[in-house]
Amino acid sequence: MFCYQCQETAKNTGCTVMGVCGKTEEVANLQDLLIYAVKGISEIVVKTNTSVADIAKINHEVIKSLFITITNANFDADAIEVQIVNVLGLRDQLAKDAGYQGNNDAATFTVSSRESMLVKAASVGVLATENEDVRSLRELIIYGVKGMAAYVDHALNLGKENDDIYAFTYEALAATLNDSLSADDLVALTLKTGELGVSAMALLDEANTSRYGNPEITTVNIGVKKNPAILISGHDLTDMEQLLEQTKGTGVDVYTHGEMLPAHYYPAFKKYDNFAGNYGNAWWKQVTEFESFRGPILFTTNCIVPPKNPEVAGRIYTTGATGFPGCKHIVADESGKKDFSEIIALAKTLSSPDEIETGTIVGGFAHNQVFALADKVVDAVKSGAIKKFFVMAGCDGRMKSRDYYTEFADKLPKDTVILTAGCAKYRYNKLELGDIGGIPRVLDAGQCNDSYSLALIALKLKEVFELNDINELPIAYNIAWYEQKAVIVLLALLHLGVKNIHLGPTIPGFLSPNVVNVLVDTFGIAGIGSVDEDMELFMNA
Ligand code: SF4
Ligand code: SF3
């Protein structure tokens, strides 16, 4: 196996025996083959000029396949094998229907068993591209497209789609098979990935807010109540809605975990009396926090940490693109409905959660809410009460070096405000950082995809202050990344013209030295240093 798609990749160069994430060699190889099959579909779509409007089922399965391969989403070899068979069936039917005459291997290879899949996978993974820079750019595009697919999948669950995004997904994946493209062509495609990333986040924002209302300032309880309860993790709001509907009046409470915290900010979910609060912290702390939660846990997306304790594993359920061997997977029916009754029944037999924290946190500062406060924010900037904003969105992770973000947030001057989104927030959202004239010093817009809100807020400020360039604003970007959704957020920011983004805790292992140089020279991308040095750098920039 060879995988270097996430921030925790072994030695920052690549996992080669077993993923640091817990992904086995078999799962890694099957994921490589699934991606290769999806590239084959893309090749056929592009070469035959197939209209994406005519292949809805294929669009959806391609998006799902990409999502399955995101870090910490699916560890279930059997489920991935089923998806490979499914996708190859769709590929072959498409080739026939569209009259594909080409002979690209990705579009034509056949496999007949798990064994033959694994043999094939060995020659089609990341290292199949020999040139280090071409490999780096191809993978950068693929990871961006994977992140985008996750957001598109959530929007699709809410009935919203965008054909331009599907068409680009095929274009981008087919391009990664094309040996005649130059490095410059691939750089251009990387930026286009960012452009479509903005579209994907806008689509999801529209899907979420049109169904659940605009996020608003909300105080979320982080302690526990006395009832038995279910913990829901991940990013999918339709799963959230269905779980709240089905637990209503059952005496079973629902708590959010990790990236589901922002569900509390949506008006539509506030009517549920059993929507009890948020339990725990960022994904990697689940190893201990799931033990003390006591009740069942539902994963709607990444990030799963392979459970070692069989008692905990017996309480974990997966749905959507996620999967873990031995954990029950809940499938939607044709209309998208899911039956969570087994989880609810299990919850009733288990104890209520052990309290691990008490108090509250405040969030809900997505674009609409911040625009409602615009006058106050603008006055604070004009009066000098707010000197600078720090966008500290992105992911959290296990590495000790991420303590940097807690220390950085803590040491920021009191006249600065942090704009955040994604699970990166757990590094500082429970610090007592106070407020500036009633504006909290940590403004949480929501999930990683709600980084879109942070971009809208920046564009709004640019307009209010009548600036020509987004980079003239008093906003610094100190972003933490872990998996591929952060890659698409980064590419989206680059597309919007944001310069001098600091990225940490490490520069992605999949970026070759030459590609890093391009990013440094063109966009001023930088890594992180010590907190004190970086603070001085940012405050004097
Ligand atoms: Fe390694 Fe990350 Fe790939 Fe897992 S997802 S195998 S930790 S690079
Ligand atoms: Fe976190 Fe996995 Fe990326 Fe949506 S839950 S941000 S890491």
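This is a predicted model: local features need pLDDT of at least 70, side-chain atom pairs count only at pLDDT 80 or more; totals for chains, interfaces and linings use all residues.
Let me begin with ligand 2, which is surrounded by 16 residues, the closest being Cys303, Cys395, Gly422, Cys423 and Cys448, where a residue counts as near a molecule if its C-beta atom, placed from the backbone, lies within 6 Å of it. Residues are numbered from 1 along each chain as its sequence is written, and chains are lettered from A and ligands numbered from 1 in the order in which they are written.

By class, the shell around ligand 2 holds 7 nonpolar, 6 polar and 3 charged residues; here Ala, Val, Leu, Ile, Met, Phe, Trp, Tyr, Cys and Pro count as nonpolar, Asp, Glu, Lys and Arg as charged, and the others, Gly among them, as polar. At least three residues of that shell come from each of domain 2 (218-348) and domain 3 (364-540).

That brings me to the domains, whose bounds come from an automatic or database domain assignment. The protein chain is divided into domain 1 (10-211), domain 2 (218-348) and domain 3 (364-540). Between the centres of domain 1 and domain 2, taken over C-alpha atoms, there are 28 Å, and their contact takes 18 residues from domain 1 and 17 residues from domain 2, two residues being in contact if their C-beta atoms, placed from the backbone, lie within 7 Å. On the side of domain 1 that touches domain 2, helix H2 (56-68) and H6 each supply at least two residues, and the largest share, 4 residues, comes from H6. Helices (H or I, at least four residues) and strands (E, at least two) are DSSP runs, numbered from the N terminus.

Which residue might we look at within helix H6? Let us take Ala150, which lies in that helix and is buried, because 28 other C-beta atoms lie within 10 Å; the cut-offs are 20 or more for buried, 12 or fewer for exposed, and partly exposed in between. Not counting residues up to four places away in sequence, Ala150 touches Phe67, Ile70, Thr301 and Lys485. The C-alpha atoms of Ala150 and Gln484 are separated by 9.3 Å, although these residues are 334 apart along the chain.

Finally, strand S1 (residues 218-221) and S8 run antiparallel and are joined by 4 bridges, with Asn221 having Thr360 as its bridge partner in S8.

Note on methods
Two strands pair if DSSP finds at least two bridges between them.
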